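Good morning, and thank you for coming. I would ask you to look at the sequence and the structure together while I speak.

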Amino acid sequence: MSWPKWLKPDPYALILLSVVITASILPCRGNIAIGFEWLTKVAIFLLFFLHGTKLSREALLGGIGAWRLHSLVLMSTFVLFPALGLLVSMLPSSMVSPTVKMGFLFLTILPSTVQSSIAFTSMARGNVAAAVCTASLSNMLGVFITPLLAGLLMRSELQSGGGDLLEVMQSIILTLLAPFLIGHFSRPLIGRWIDRNKAILSKLDRGAILLVVYTAFSAAVVDGIWQRVSGLDIATILLLSALVLSVVLFLTRKTAQVAGLAKTDEITLVMCGSKKSLASGVPMAAALFAPAQVGVIILPLMIFHQMQLIVCAIIARNYGDRTETVEDAEMLSEAGR
């Protein structure tokens, strides 16, 4: 029997895994590693430039009226998740290694995804217009909020990467914020070209992430990552990912019901408020932390990313199979206008 679609591993996740294995066997070293680090900086600039150009103000304005929904999604992304990350960081080191706690805390301060949040909301017959708006808003605000939260919650890790916090924040502005704003304000000039070439740019976007992952894991392997991260640590990350994702899914659904949101808006809250962005997280980690730290820090993110796709695909399928009510039909009709 073939696997159901929602149980199949994400092909991109498998490619990421192969890149990690390649970096573990054949890490770049010496002058080659320096060259890859420069290529990584260019790739990060390009990634955030593209994120800026793809952010449509029309998409933001299209669902902006659902302010209560957007507030709840942002609260889940930038308050609930970091609170859970802090709880994990307070666990005894005998239970969870400091390495895992550091990576998990970084995972929880990232923005939501855009593509998968919208895709799952559509699959579940939720409020797609609001999902486009809130997912885009989360990514835009994440450029500001994630580095700020990293500075507040992970200050010692940032400083261990070299330089004081002020220098780190200046680096973030130049590396992440500047290309994002340049890209966004360039949209009136190149927006149509960007929209026409989404497929090509998506491959370029993903290719840049693979480059960042290879460079990061190469530095981490040279620094001895697999001596610091054990099989028990991987199992711990899997367990914590399942636990945190379950808590967030439960609380977002209950919050929607207590707030009296329509079913379509509940779906949007659950689908957008439970995701963390691999596309934003990998380059942010490369910009925020020392090269040898990045591989360790993004490991929980890579595992959580695959888990959220599988679990949310199952939930979206269950939502999508529900009997349509009059309220659903009205909301979906409005979203399609």
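I shall begin with the chain as a whole, then turn to one residue, and end with the nonpolar cores.

Please note at the outset that this is a predicted model. The protein chain contains 17 helices and zero strands. It has 337 residues, and 52% of them count as buried. The accessible surface of the chain comes to about 15,500 Å², with carbon and sulfur atoms contributing 68% of that area. Now consider the contacts between residues with a separation of 6 or more: 87% of these join residues 24 or more positions apart.

Is Phe104 buried or exposed? Its relative accessibility is 0%, so Phe104 counts as buried. What does Phe104 touch, if we set aside residues up to four places away in sequence? Its partners are Val88, Ile237, Leu240, Ser241, Val244 and Pro300. As for Leu86, it stands 18 residues from Phe104 in sequence, and the C-alpha to C-alpha distance is 9.1 Å.

I come now to the cores. The largest nonpolar core has 78 residues, and among those with the most contacts inside it are Phe48, Phe106, Val213 and Met271. Helix α16, residues 291-320, supplies the largest share of this core, namely 15 residues. There is also a second, separate core of nine residues, including Leu69, Val73, Ala256 and Leu261.

Finally, I return to Met271. Beyond its neighbours within four places in sequence, Met271 is in contact with several residues, among them Ser117, Phe120, Cys312 and Tyr319.

Key
Residues numbered from 1 in each chain as written. Predicted model: local features only at pLDDT ≥ 70, side-chain atom pairs only at ≥ 80, totals over all residues. Heavy atoms only, no water. Helix = DSSP H or I, 4+ residues; strand = E, 2+ residues; numbered from the N terminus. Buried < 20%, exposed > 50% of the residue type's maximum accessible area, 1.4 Å probe, protein only. Contact = heavy atoms within 4.5 Å. Areas by Shrake-Rupley, 256 points an atom, 1.4 Å probe, with all protein chains shown as cover. Core = buried A, V, L, I, M, F, W, Y, C linked by side-chain atoms within 4.5 Å.
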